Every structure is written in C-alpha cells, then in structure tokens.
Amino acid sequence: MKVINLQQIIDASKLNRFHLSLLLCCIFIIVCDGYDMFMLGAIIPALMKEWHITPIEAGALSSYALVGMMFGALIFGPVADRIGRKNVILLCTVVFSVFTFTSGFAGGAASFGAQRFIAGLGLGGVMPNLIALVTEYSPAKYRSTLVSVMFSGHALGGVVASLLAIYLMPGFGWRSVVWLSAVPLVLIPVLFKALPESLRFYVLKNQTDKVLSILNRLQRDHVYGPGDRLEHTFAEKNAGFPVKELFRENRAFSTVLFWISFFMCLLVMYGLSTWLPKLMQGAGYELGSSLTFLITLNAGAVIGAIGGGKLADRFGARKVLVIFFFIAFLSLLLLSFKPGMLLLYVLLAVAGGTTTGSQIIANSYVSQFYPAEMRSTGIGWALGIGRLGGIMGPTLGGVLLSLNLPLQMNFLSFAVPCVISALAILLVQEKFGQHARRFGPAARSDLHMS
C-alpha cells in the first residue's frame, strides 16, 4: 500500500496529455467568452447608427452584460465550490452562447440590453471556474503560466471578434457577428466528455475510480490502485456562508486589496475595449483602422499575459503585476499625445499587454492565494466586485465622449486607475496566502482508496 499526498502529486507532475486536453477545452471556452464580451466594441458604432442612440446609451449596453457578469461571478463561484466546477462551467457556457445568439435578433436597444444581461450571467460565471480548475491541476512551476495561457484566450476572443467584424459587417451587417456566438453549443457534448471535474469534488464524493484515473493520468510513470491511501488537505465543506472564509485566517486585508485592484483594472480593460474604436475615430482615424487598433490592443494582451505568466512563475506574480501596471499607466499616457503610426501600434500592444494581460496574471495570482475549498469563491468574488469597475468603464467612456474633452483627458482617465491597482497589489500580504503555506504544516486528512 502506497501513501500518496495528492497536492504533491499535482505540484510535481510533468506536463502531459492530460494537462493539454484540459488546457485546450478551457481555452476554447474562454475564447468564446472573450468573443461574446469584446464583440460589442467592434459593433457598437453600427448599433449607434442603426438605433440612433447616444454614446451614453451605447455605454449602458455594454454595462448590462457587465452587471450580469458581476452577478454570475458572485453566484456561480460559491456554487461551484459546493457542487463541483465542471457542470457549472458547461451550464454557464450554454447560457452565454444561447442569449448572445438570440440578441442578434433584437430590434432595439432595450431588447438587446436585456439579453446581454442574461448572457452576462454565464460569461461571469464561467470565468472563475475555468481559472480555479486550471489552477487546481497545474504543476507548481507552471501554474501561473498555464492559467495565463488559458485566460489569454479571452483577449484572443477579442481579436477574433474584431477580425470577423472587419470582414463580415460590410456585407452582412453586425448581426452576423453576433450569431456566430452559437458555435460552442455544437461542442458541448465533446466538452462534457473531455473536461475533468475538480479533484477535490471527486475526493469528497468518494468517487475513488475517478480519483485513481486522474492520478494515473497526471503521473504516467506510477500506477495507483484501490489499496493505496491518499493524504489530502481538502476541507470537508465550507462552514456557513462561504464568502466569510475569504476574511478569515488573516485574509481580510488582502481580499479587499484584490477587490480594489480588480475594480480598477477591469474599469480600464472594458472601458478601452468598448470605446477604443470610437476614441480613435474621434482622433481622426477611419473605422477600419480603429478596429485594427482594437486587434492590436487584444493581441498585445495575449502576448503580455503569456509572457507575464512565465515571469510570474519565475519572479513572483506580485512583482510582475506592480511593474506591469506602472507600464500600463505610462503607455496610456503616451497614447494621448497622438504618436506616429509605428509608435502608436507599439503603445497599443503594450497597453493591452499590461492592462488586460495584467488582469489575466492577477486572476492566476488570486486563484493561488486561496485554498481549494474556496478558490472559485475567492476568484469569483474578486471578479464580481471588479465588474463594478467594468460597468463604470464603458459608462465613463460614454460620458467622456459626450463631453467632447481633449484626447489627453480621455486617456488619462483610464491611466490613473492603473496606478491605484499597482498600489493595491503591492500591499497584498502574501504570507497569509495558500501558495505560501502549501509546503508548510497543514491539517491532513486520509482517504483509504478501497
């Protein structure tokens, strides 16, 4: 009989087909999530023209989805910590795909906004659970990198949305871009078969055959059988209201700081993704060029997230995030002075890499801060509270445009929150996080695999 420490097996595992399958499934879902979220920035000029709505009203359309995302993250994060992540992920994917697709039939802003709110519930609910699932199964030395690679699919979805808008809208209109959101529904059966459930869920439900299957897929050079005893540190359940756990064991101060950082970063992220094409149009650029700016912003986010994830695994996420947020401030400040085209594209890529890219790295950082039994709750509530900033971002952009302020003031409004986010991350008390305790003394439970 072998005595097996579950967390050590996961931490020490080598990247293999199990990790690749998990990563590809999660990347596909998050690309679709990003497509649904960011396509509004590409089609919003067409909506304003067709429905004769003001910039403030158009900003509110984006905010409806973000309000839904806030509630989705707050609700489905804790739910998944209790009933498992896989079914919640698939349910949320169906919700955002169906209601984004049906919003393509909307005849006006009110109907469109209502359906975007419902879609937002799914968009917000799927994110924390994808992050938590990849975090749970990733080897220790690649954890930030894999989470960042996975979540960079969100920005990649924005690139896909912008490219399709460029090619589809002239001939088929904005509705064709929206209707493509139904693609994930075709692959739900494949995702149901390929996605694993949380290992904690399998252990606490005493599904020993599935636990053994996962273990043998994680480490193919070992064979684990029914006679082995598994050591784990999973809590049997979250006592009381699970959100309270985020404020226990000296986590309260850091939890609030995470919420502040996410609020500021998502304000910038969604404000820019919604209004960048319109801002650039106001600066004298054609709509086609403005959409390429949005592509550059999101492409930079992919590069920044993956590169930043690798740096975070090597030097620590907090250091990388603080530096990235200050670079974001500088790049947005320089954009306001209408640089030459080459420098403009470089600054847009850097801004994407250090705003959206930083948010992706922060997702990984927060998911590793909390124990497995509250991981979806921790990242879900950070994203949920952060959505309040995301809601303000598009609305703030609409207000700024309606005031006809100079370009410098518009970009400065999105640059200052980056400094606040950096300061919040700098003050996080890492010594009270789960990643600091993982190899230290911990309560231990044994599960005999019989």
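Colleague: Which residues does S261 contact, leaving aside its neighbours within four places in sequence?

Modeller: This is a predicted model, in which local features need a pLDDT of at least 70 and side-chain atom pairs count only at pLDDT 80 or more, while totals for chains, interfaces and linings use all residues. Residues are numbered from 1 along each chain as its sequence is written, and side-chain values use heavy atoms, leaving out hydrogens and water. S261 is found in helix α12, residues 252–282 (a helix is a DSSP run of H or I of at least four residues, numbered from the N terminus). Contact means heavy atoms within 4.5 Å, and the residues in contact with S261 are F325, S421, A424 and I425.

Colleague: Is S261 buried or exposed?

Modeller: Buried means under 20% relative accessible area and exposed means over 50%, with partly exposed in between, using a 1.4 Å probe and protein chains only. The relative accessible area of S261 is 1%, so S261 is buried.

Colleague: What is the length of the polar contact between the side chains of S261 and S421?

Modeller: A polar contact is a pair of N or O atoms within 3.5 Å; within protein, one must be able to donate a hydrogen and the other to accept it, and residues adjacent in sequence count only if both atoms are side-chain atoms. For the side chains of S261 and S421, the value is 2.7 Å.

Colleague: With which side chain does the side chain of S198 make a polar contact?

Modeller: S198 lies in the loop between α9 (188–194) and α10 (199–204). Its relative accessible area is 3%, so S198 is buried. Beyond four places in sequence, S198 touches R85, L133, E136 and Y137. The polar contact, at 2.9 Å, is with the side chain of E136.

Colleague: Which helix supplies the largest share of the lining of the second largest cavity?

Modeller: A cavity is a set of points on a 1 Å grid over the protein atoms alone where a 1.4 Å probe fits but cannot get out, and lining residues have an atom within 4 Å of a point. The second largest cavity is lined by H19, L22, L23, V134, Y137, S138 and L146. The largest share, three residues, comes from α2.

Colleague: What percentage of the residues score at least 70 in pLDDT?

Modeller: pLDDT is the predictor's confidence in each residue, from 0 to 100. Over residues 437–450 pLDDT stays under 50. The protein averages 82, and the share of residues scoring at least 70 is 88%.

Methods
Helices (H or I, at least four residues) and strands (E, at least two) are DSSP runs, numbered from the N terminus. On a 1 Å grid over the protein atoms alone, a cavity is a set of points where a 1.4 Å probe fits but cannot get out, and a pocket is an open set with protein on both sides within 12 Å along at least five of seven lines; lining residues have an atom within 4 Å of a point.
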